[in-house]
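Welcome! Please take a look at the sequence and the structure below, and then let us walk through them together.

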Amino acid sequence: MAERKSSRTWCPSGDPHAPEAVALGVRSGQDGGVVYLADPVPASQVLGMVPEGVEPRRVLRFASHCTSNCVNRRGDDCTLVERVLAAPAATATAVPRCHLRTQCQWWSQTGVEACRRCPAVSTLHLAGDRLGELVADPSTTREQLDEWIAANPAGATGAGAGG
Ligand code: SF4
(Lines give C-alpha, C1' and ligand atoms only; values in the text may rest on other atoms or scores of the structure.)
Protein backbone atom coordinates (compact mmCIF):
# COMPACT_ATOMS: atom_id res chain seq x y z
CA MET A 1 0.00 0.00 0.00
CA ALA A 2 2.71 2.45 1.01
CA GLU A 3 4.81 1.80 -2.07
CA ARG A 4 1.81 2.35 -4.32
CA LYS A 5 1.36 5.77 -2.73
CA SER A 6 5.00 6.82 -2.79
CA SER A 7 5.33 5.88 -6.45
CA ARG A 8 2.39 8.06 -7.42
CA THR A 9 2.64 11.25 -5.44
CA TRP A 10 5.29 13.76 -4.53
CA CYS A 11 5.73 15.93 -1.49
CA PRO A 12 6.07 19.66 -2.25
CA SER A 13 7.89 20.17 1.03
CA GLY A 14 10.43 17.55 0.20
CA ASP A 15 13.89 16.38 1.14
CA PRO A 16 16.53 17.99 -1.09
CA HIS A 17 18.85 15.04 -0.55
CA ALA A 18 16.42 12.33 -1.64
CA PRO A 19 17.75 10.65 -4.81
CA GLU A 20 14.73 11.66 -6.87
CA ALA A 21 14.47 15.20 -5.46
CA VAL A 22 13.84 18.11 -7.79
CA ALA A 23 13.92 21.86 -7.26
CA LEU A 24 10.31 23.00 -7.18
CA GLY A 25 10.92 26.71 -6.96
CA VAL A 26 13.05 29.57 -5.74
CA ARG A 27 12.30 31.55 -2.62
CA SER A 28 12.29 35.21 -3.44
CA GLY A 29 11.35 38.65 -2.22
CA GLN A 30 11.21 39.87 1.33
CA ASP A 31 8.61 37.32 2.34
CA GLY A 32 10.50 34.38 0.85
CA GLY A 33 7.51 33.29 -1.19
CA VAL A 34 8.18 30.58 -3.73
CA VAL A 35 8.41 31.35 -7.42
CA TYR A 36 7.86 28.03 -9.18
CA LEU A 37 10.15 26.78 -11.88
CA ALA A 38 8.56 26.07 -15.26
CA ASP A 39 10.18 22.63 -15.32
CA PRO A 40 11.65 20.43 -12.61
CA VAL A 41 15.40 20.59 -12.15
CA PRO A 42 17.17 17.70 -10.41
CA ALA A 43 18.19 18.77 -6.94
CA SER A 44 21.62 17.32 -7.52
CA GLN A 45 22.19 19.97 -10.19
CA VAL A 46 21.41 22.92 -7.96
CA LEU A 47 22.58 21.91 -4.50
CA GLY A 48 26.17 22.62 -5.48
CA MET A 49 25.23 26.20 -6.36
CA VAL A 50 23.98 27.00 -2.87
CA PRO A 51 26.71 28.87 -0.98
CA GLU A 52 28.47 26.89 1.70
CA GLY A 53 26.88 27.40 5.09
CA VAL A 54 23.44 28.20 3.66
CA GLU A 55 20.73 25.63 4.31
CA PRO A 56 19.39 24.82 0.79
CA ARG A 57 15.77 24.99 1.91
CA ARG A 58 16.23 28.62 2.89
CA VAL A 59 16.64 29.59 -0.75
CA LEU A 60 14.91 26.80 -2.68
CA ARG A 61 11.87 24.55 -2.32
CA PHE A 62 12.28 20.91 -3.17
CA ALA A 63 9.90 18.10 -4.02
CA SER A 64 10.56 14.44 -3.35
CA HIS A 65 8.52 11.26 -3.12
CA CYS A 66 5.73 11.07 -0.57
CA THR A 67 6.91 8.12 1.48
CA SER A 68 5.21 5.69 3.81
CA ASN A 69 7.72 6.31 6.60
CA CYS A 70 7.21 10.07 6.68
CA VAL A 71 6.35 11.37 10.15
CA ASN A 72 3.53 13.37 8.60
CA ARG A 73 1.76 10.39 7.04
CA ARG A 74 -1.56 9.12 8.39
CA GLY A 75 -2.64 6.27 6.20
CA ASP A 76 -2.62 7.67 2.68
CA ASP A 77 -2.96 11.25 3.86
CA CYS A 78 -0.47 13.99 4.64
CA THR A 79 -1.18 15.66 7.98
CA LEU A 80 1.25 18.49 7.22
CA VAL A 81 -1.00 19.96 4.56
CA GLU A 82 -3.94 19.65 6.96
CA ARG A 83 -2.06 21.78 9.51
CA VAL A 84 -0.94 24.25 6.84
CA LEU A 85 -4.57 24.73 5.81
CA ALA A 86 -5.72 25.05 9.41
CA ALA A 87 -3.47 28.07 9.99
CA PRO A 88 -4.90 31.40 8.83
CA ALA A 89 -3.41 32.80 5.65
CA ALA A 90 -1.94 36.31 5.70
CA THR A 91 -3.42 37.20 2.33
CA ALA A 92 -5.32 35.49 -0.42
CA THR A 93 -2.90 34.38 -3.10
CA ALA A 94 -3.38 33.30 -6.66
CA VAL A 95 -2.96 29.67 -7.62
CA PRO A 96 0.57 29.38 -8.99
CA ARG A 97 1.55 27.66 -12.19
CA CYS A 98 3.32 24.56 -10.98
CA HIS A 99 4.94 21.66 -12.79
CA LEU A 100 4.30 19.25 -9.92
CA ARG A 101 0.50 19.46 -9.88
CA THR A 102 -0.38 16.19 -11.56
CA GLN A 103 1.81 14.30 -9.09
CA CYS A 104 1.42 16.45 -5.99
CA GLN A 105 0.17 14.82 -2.80
CA TRP A 106 -1.14 18.11 -1.42
CA TRP A 107 -3.08 18.88 -4.59
CA SER A 108 -4.52 15.39 -4.79
CA GLN A 109 -5.53 15.52 -1.15
CA THR A 110 -6.89 19.05 -0.74
CA GLY A 111 -7.04 20.67 -4.17
CA VAL A 112 -6.70 24.33 -4.92
CA GLU A 113 -6.56 25.53 -1.31
CA ALA A 114 -3.21 23.82 -0.86
CA CYS A 115 -1.91 25.63 -3.93
CA ARG A 116 -2.99 29.00 -2.55
CA ARG A 117 -0.95 28.36 0.60
CA CYS A 118 1.92 26.53 -1.02
CA PRO A 119 4.10 29.54 -2.00
CA ALA A 120 4.27 30.70 1.61
CA VAL A 121 5.21 27.33 3.06
CA SER A 122 8.70 27.22 4.44
CA THR A 123 10.36 23.85 4.63
CA LEU A 124 12.52 25.18 7.41
CA HIS A 125 10.72 27.00 10.19
CA LEU A 126 12.45 29.82 11.94
CA ALA A 127 13.30 29.84 15.62
CA GLY A 128 10.73 31.91 17.47
CA ASP A 129 8.02 31.22 14.93
CA ARG A 130 5.76 29.36 17.32
CA LEU A 131 2.89 28.90 14.89
CA GLY A 132 5.33 27.63 12.28
CA GLU A 133 6.72 25.19 14.79
CA LEU A 134 3.25 23.92 15.63
CA VAL A 135 2.34 23.49 11.97
CA ALA A 136 5.58 21.64 11.28
CA ASP A 137 5.27 19.35 14.30
CA PRO A 138 3.61 16.04 13.32
CA SER A 139 2.42 15.58 16.89
CA THR A 140 0.37 18.79 16.85
CA THR A 141 -3.34 18.04 16.90
CA ARG A 142 -5.93 20.16 15.14
CA GLU A 143 -7.36 21.05 18.55
CA GLN A 144 -3.96 22.32 19.76
CA LEU A 145 -3.55 24.37 16.60
CA ASP A 146 -7.02 25.90 16.88
CA GLU A 147 -6.42 26.63 20.56
CA TRP A 148 -3.14 28.44 19.88
CA ILE A 149 -4.64 30.46 17.03
CA ALA A 150 -7.59 31.52 19.19
CA ALA A 151 -5.25 32.61 21.97
CA ASN A 152 -2.82 34.42 19.65
CA PRO A 153 -4.85 36.21 16.98
CA ALA A 154 -2.08 38.73 16.28
CA GLY A 155 0.47 36.02 15.65
CA ALA A 156 -1.69 33.70 13.65
CA THR A 157 -1.34 35.09 10.15
CA GLY A 158 1.31 34.37 7.63
CA ALA A 159 2.40 31.08 9.09
CA GLY A 160 3.94 28.79 6.60
CA ALA A 161 6.14 26.22 8.10
CA GLY A 162 6.47 22.83 6.62
CA GLY A 163 8.25 19.66 7.46
S1 SF4 B 1 0.33 22.31 -3.54
FE2 SF4 B 1 -0.18 23.10 -5.61
S3 SF4 B 1 1.36 24.71 -6.01
FE4 SF4 B 1 2.14 23.44 -4.31
S5 SF4 B 1 3.43 21.88 -5.29
FE6 SF4 B 1 1.38 21.01 -5.07
S7 SF4 B 1 0.35 21.42 -7.02
FE8 SF4 B 1 2.14 22.78 -6.89
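To sort residues into classes, Ala, Val, Leu, Ile, Met, Phe, Trp, Tyr, Cys and Pro are taken as nonpolar, Asp, Glu, Lys and Arg as charged, and the others, Gly among them, as polar. By these classes, the shell around the ligand holds 10 nonpolar residues, no polar ones and one charged residue. This is a predicted model, in which local features need pLDDT of at least 70 and side-chain atom pairs count only at pLDDT 80 or more, while totals for chains, interfaces and linings use all residues. Residue numbers start from 1 along each chain as its sequence is written.

Which residues surround the ligand? They are Pro12, Pro96, Cys98, Leu100, Arg101, Cys104, Trp106, Trp107, Ala114, Cys115 and Cys118; a residue is near the ligand if its C-beta atom, placed from the backbone, lies within 6 Å of it. H5 and H6 each supply at least two residues of this shell. Helices (H or I, at least four residues) and strands (E, at least two) are DSSP runs, numbered from the N terminus.

Now turn to the sheet. Four strands form an open sheet in the order S1-S4-S2-S3, with antiparallel pairing; two strands pair if DSSP finds at least two bridges between them. S1 and S3 stand at the edges with a single partner strand each, so one side of each has no neighbour in the sheet. S2 is joined to S4 by four bridges and to S3 by six bridges. On the S4 side, Val26 stands opposite Leu60 and Ala23 stands opposite Phe62, while Ser28 faces Gly33 in S3.

Phe62 also belongs to the largest nonpolar core, which has 34 residues; Val22, Leu24, Phe62, Ala63 and Trp106 have the most contacts inside it. Among the elements that each supply at least two residues of this core are strand S2 (22-28), strand S4 (60-65) and helix H5 (105-110). H7 gives the most, with four residues. Such a core is a set of buried Ala, Val, Leu, Ile, Met, Phe, Trp, Tyr and Cys residues joined through C-beta atoms within 7 Å.

Finally, visit Arg73 in strand S5 (residues 73-74). Is Arg73 buried or exposed? Arg73 is buried, because 20 other C-beta atoms lie within 10 Å; the cut-offs are 20 or more for buried, 12 or fewer for exposed, and partly exposed in between, with C-beta atoms placed from the backbone. Arg73 and Pro138 are 65 residues apart in sequence and 8.6 Å apart in space, C-alpha to C-alpha.
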